[in-house]
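Student: Could you take me through how to read the ring pairs, cores and helices of a model such as this one?

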Amino acid sequence: MMILTTFVFAVQDGISRHLAGEYNVLMIVTIRYWFFAAFVIALAKQQVGSIRKAAATKQPVLQAFRGVLLVTEICVLVAAFVRLGLVESHAIFACYPLLIAALSGPVLGETVGWRRWGAIGVGFVGVLIILKPGFTVFSPWAFVALSSAFMFALYGLLTRYAARKDTAATSFFWTGTVGAVVMTPLGIWNWEPMVGGDWYWMGALCLTGAFAHWLLIKTYEVAEASAVQPFAYLQLVFASTIGLLVFKETLAPNVVLGATLVVAAGLFTLWRARRAA
């Protein structure tokens, strides 16, 4: 189920890259979030019985900030897809579990041992290999993809922090609804007429987004997050394949080597965290 989840997320990224290459990124993300918010509200009614119960929280500022952070991260990453491509964007974005490990101390007060710090160091060497600073003129969009990984890592940590007082259903509800509220004025302001055929792609983007989140929820219902998290790296493989076959992107040797180091370091970090737990 986790492998299928990562595949659907990769397909969603491919559709996002196509649409954002033709239309304004903010408009695309807005429409996507309208559908996502409707999905979240329907799920809340099914899981907890009412919207009021799903929205009930003792930490509204934290939950609102999480929602804003995630939708900002999505806008930034989709922009990187267009400018940098799926292959290189995902190779850089794959470092987010390492960022979670590095930031878990200051944000959550968790202890990170020297082995995990070593793996974090190796992972960031991999990121540097991908970026190639000092060897060629690298694209500033690479740092956009890196900032997206940082935001997603912070979002993940704040989600764990919010879980101390709120249920997963409450956090999920705030994630979808806050993102839709924030994006609506931006999307309307940057609205562009969409040709008929692209509305089908827009519908596919909305459906794959909802389906991927539904699959992820079902996966976590039957397995621990730590057990299935290593399979999340397959999204890099699937998204890169779509980039190579559909968008005719290239696979540079430094990206392959750097991504290998990042993924290996991330898997080791997850393994050490699981042993520590």
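Predicted model: local features only at pLDDT ≥ 70, side-chain atom pairs only at ≥ 80, totals over all residues.

Student: How many aromatic pairs does the structure hold?

Tutor: Rings of Phe, Tyr and Trp (its six-membered ring) pair if their centres lie within 6.5 Å, and planes under 30 degrees apart count as stacked, over 60 as edge-to-face and the rest as tilted. The structure holds 11 such pairs. One of them, W34 with W191, is stacked, at 6.1 Å centre to centre and 25° between the planes. Because W34 lies in helix α2 (residues 25-48) and W191 in the loop between α9 (168-189) and α10 (196-222), this pair ties together parts that are 157 residues apart in sequence; helices here are DSSP runs (H or I, at least four residues), numbered from the N terminus.

Student: Which kind of aromatic pair do F39 and F172 form?

Tutor: F39 and F172 are edge-to-face, with 6.3 Å centre to centre and 90° between the planes. F39 belongs to helix α2 and F172 to helix α9, so their pair joins parts that are 133 residues apart in sequence.

Student: Which residues have the most contacts inside the largest nonpolar core?

Tutor: In soluble globular proteins, nonpolar side chains tend to be buried together. A nonpolar core is a set of buried Ala, Val, Leu, Ile, Met, Phe, Trp, Tyr and Cys residues joined through side-chain atoms within 4.5 Å. The largest one has 76 residues, and V29, Y33, I92 and C95 have the most contacts inside it. Helix α4 (residues 60-84) gives the most to this core, with 13 residues. Apart from it lies another core, of 10 residues, among them L19, I28, L205 and C206.

Student: Where does the kink in α9 lie?

Tutor: The bend at a residue is the angle between axes fitted to the seven residues ending there and the seven starting there. In α9 a kink of about 35° lies at M183, shortly before the proline P185.

Note on methods:
Residues numbered from 1 in each chain as written. Heavy atoms only, no water. Helix = DSSP H or I, 4+ residues; strand = E, 2+ residues; numbered from the N terminus. Buried < 20%, exposed > 50% of the residue type's maximum accessible area, 1.4 Å probe, protein only.
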